[in-house]
Amino acid sequence: MQGQKHFMDKEVTRFRLSERVPAHNFYRRLAELVDWTFLYQQTQALYSHTGQPSLDPVVVFKLMLVGRLENLVSDRRLVEHCALRLDILYFLGYEVDEELPWHSTLSRTRQLYPTAIFERLFDHVFAQCVAQGLVAGDTQAVDSAPVKANASLHRLCEKQSIETVVPRMKLAGKSQEATSLPSAAVLDTPAHVLRRVATRQAQHQTTGHLGARRPRARLVSNKTHYSPTDPDARISIKPGKARALNYLCSLAVDTANGVISHVQADLADSRDRVHLPELVTHLHQRLLAQGLPLQELVADTNYSNGVNYALLEQRGITPWIPVFGQYKAALDGFAYDAEADCFTCPAGKQLPFKGYDTNLDGGLLKIYRASTRDCRLCPLKVTCAPKSNKRKITRTAYDPHYRRALHRQQGRQGQRMRLLRQSTVEPVFGSLLQHYGLRRVNTRGRASAHKTMLLAAVAYNLKKLLKHQPKQFLGLAVALPKPPSPPPTCLFQRGARGNRLTNKLSSRRQPSS
């Protein structure tokens, strides 16, 4: 007989949420894993001692973590999703008939909490990973990736000069009314850089690219435009991807088990090597607080810089950072004497050290210059210095650090470190962008973006912590019987004499009856 199920939609008089969530459930195990009570003390100073009770701070952080774990970017969708899941309700401490917080309350509370509380939560989870043996600490892999900001390129505005932003004084002593603009709206770019940008835009429009003459096909730059929606967002482009307003997520991962040891939000229009000193400082302090010394740091070529090499070596950290391709360890025909700090040209004349200089990026350079008399009388001047009266060599002031980095890079250990970085930090970035809601930041401002990245890193480490199963070794002792004594070996040469000596030794070993 065929049966049919009829839904009555009746009111259940006896229902306990803990009985519906099994013990092996992810969120039930997560609720028992972390002690969340420290958040009350961290947020106590943000609330008044009078008034209506606020939303539980632990519930706020749990809701934000669920958004990262469930790969939900929107707060509205997050609240709707949590209301449909019994295990998430149990994790939050809500009954089935209780209303969850409003999504706007979650957004306002996230803006209220400072970044230090989010960092304290990250340190708390990181300490648990260290206690479980998931973090070695000696070798860290560093990388960065752009994260889309909550702003559009179509809303960009041109920057204004300082005379337009700052109100002028009237004769009556009253200031002129002016709209308050963020600091990113002030045009502080030098004139020669603006001329270079204008020339590049004019060349783009006259080359005849498809759609280049459309009104919206304009070339925008961080030097001339800013986003009024999110002034901290910067225009950046990655090879193979479209131009967009992004933030830069800088990440450090422990190479032992792939636990995230540091994360920070940076401006997307700056180079990676600029943010390495700040990243190493915070990373080193966090590892030392757990009793883990940092010994080696692995990064890609974007972090290659003489300042970074010198900083890491000064702190006793071995930098496994490949040297940038434009660096040349030796000049053809010019021999370098390290003791005298001078070069010798092919004609045998010396180019001594003359002083220091800086390049366009602010890097420190060393200048080596020959004398005018030596170059004027030299027969090789036509090919060596055809447009100047003497030969000049410019080298970076961190040339010894570059040489040591190049030597490490060319060795077998350098190749292993390159593969180690690729297999450690790049999969972590792929997981954060695709499975932890970091493909786009739903907040505005650099501080809020930093909070979002910290929450994604905390969610990632919590999953690592829950999946970790400590190895258990079983010891077993077995009593084996004593092996029989080996037969006597012949220590002498073969023959009649050898046989007689062997028999004599055997008779001595036999016990007397």
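1. Strand pairing around K366. In this predicted model, K366 has R395 as its bridge partner in β13. K366 is also the bridge partner, in β12, of Y356. Strand β12 covers residues 364-369 and runs antiparallel to β13, with five bridges joining the two. Strand β11 (residues 350-358) pairs with β12 over five bridges, again in the antiparallel sense. A further link to β13 comes from R369, whose bridge partner there is K392.

2. Two faces of β13. This strand spans residues 392-396, and its side chains alternate. I393 and R395 point to one face and are buried.

3. Y309. This residue sits in helix α12 (residues 306-314). Its relative accessible area is 0%, so Y309 is buried. Which residues does Y309 contact, leaving aside neighbours within four places in sequence? They are S304, P319, I321, P322, V323, H401, Y402 and A405. The side chain of Y309 also reaches the backbone oxygen of P322, at 3.4 Å. The C-alpha atoms of Y309 and R404 are 9.3 Å apart, although 95 residues separate the two along the chain.

4. D399 and R403. Their side chains meet in a salt bridge, at 2.6 Å from N to O. Both residues belong to helix α15 (residues 399-410); they are separated by about one helical turn because they are four residues apart. R403 is partly exposed, at 32%.

5. The R85 network. Salt bridges link E70, R85 and D87 in a network. The closest N and O atoms are 2.9 Å apart for R85 and D87. For R85 and E70 they are 3.4 Å apart. This second pair links distant parts of the chain: R85 is in the loop between α5 (75-82) and α6 (86-92), and E70 is in the loop between α4 (57-69) and α5, 15 residues apart. R85 is partly exposed, with a relative accessible area of 24%. E70 is partly exposed too, at 22%. D87 is buried, at 11%. The chain's salt bridges number 13.

6. R421. Helix α16 (residues 412-435) holds this arginine. R421 counts as buried, at 9% relative accessibility. A polar contact of 3.3 Å joins its side chain to that of E426. Beyond residues up to four places away in sequence, R421 touches A141, V142, D143, V298, A299, D300 and E426.

7. A nonpolar patch. F15, L86 and V96 make a nonpolar surface patch of about 240 Å². F15 lies in the segment before α1 (17-20). Its relative accessibility is 39%, so F15 counts as partly exposed.

8. Whole-chain figures. The protein chain has 18 helices and 13 strands. Of its 513 residues, 39% are buried. Among contacts between residues at least 6 apart in sequence, 66% join residues at least 24 apart. The accessible surface comes to about 32,200 Å², and carbon and sulfur atoms account for 51% of that area.

Notes. Residues are numbered from 1 along each chain as its sequence is written. This is a predicted model: local features need pLDDT of at least 70, side-chain atom pairs count only at pLDDT 80 or more; totals for chains, interfaces and linings use all residues. Side-chain values use heavy atoms; hydrogens and water are left out. Buried means under 20% relative accessible area, exposed over 50%, partly exposed in between (1.4 Å probe, protein chains only). Two strands pair if DSSP finds at least two bridges between them. Contact means heavy atoms within 4.5 Å. A polar contact is a pair of N or O atoms within 3.5 Å; within protein, one must be able to donate a hydrogen and the other to accept it, and residues adjacent in sequence count only if both atoms are side-chain atoms. Patches are made of residues with over 30% relative accessible area and no salt bridge: like charges are joined within 9 Å, nonpolar side chains (Val, Leu, Ile, Met, Phe, Trp, Tyr) within 5 Å. Accessible areas come from the Shrake-Rupley method with a 1.4 Å probe; for residues, only the protein chains shown count as cover. A salt bridge is a side-chain nitrogen of Lys or Arg within 4 Å of a carboxyl oxygen of Asp or Glu.
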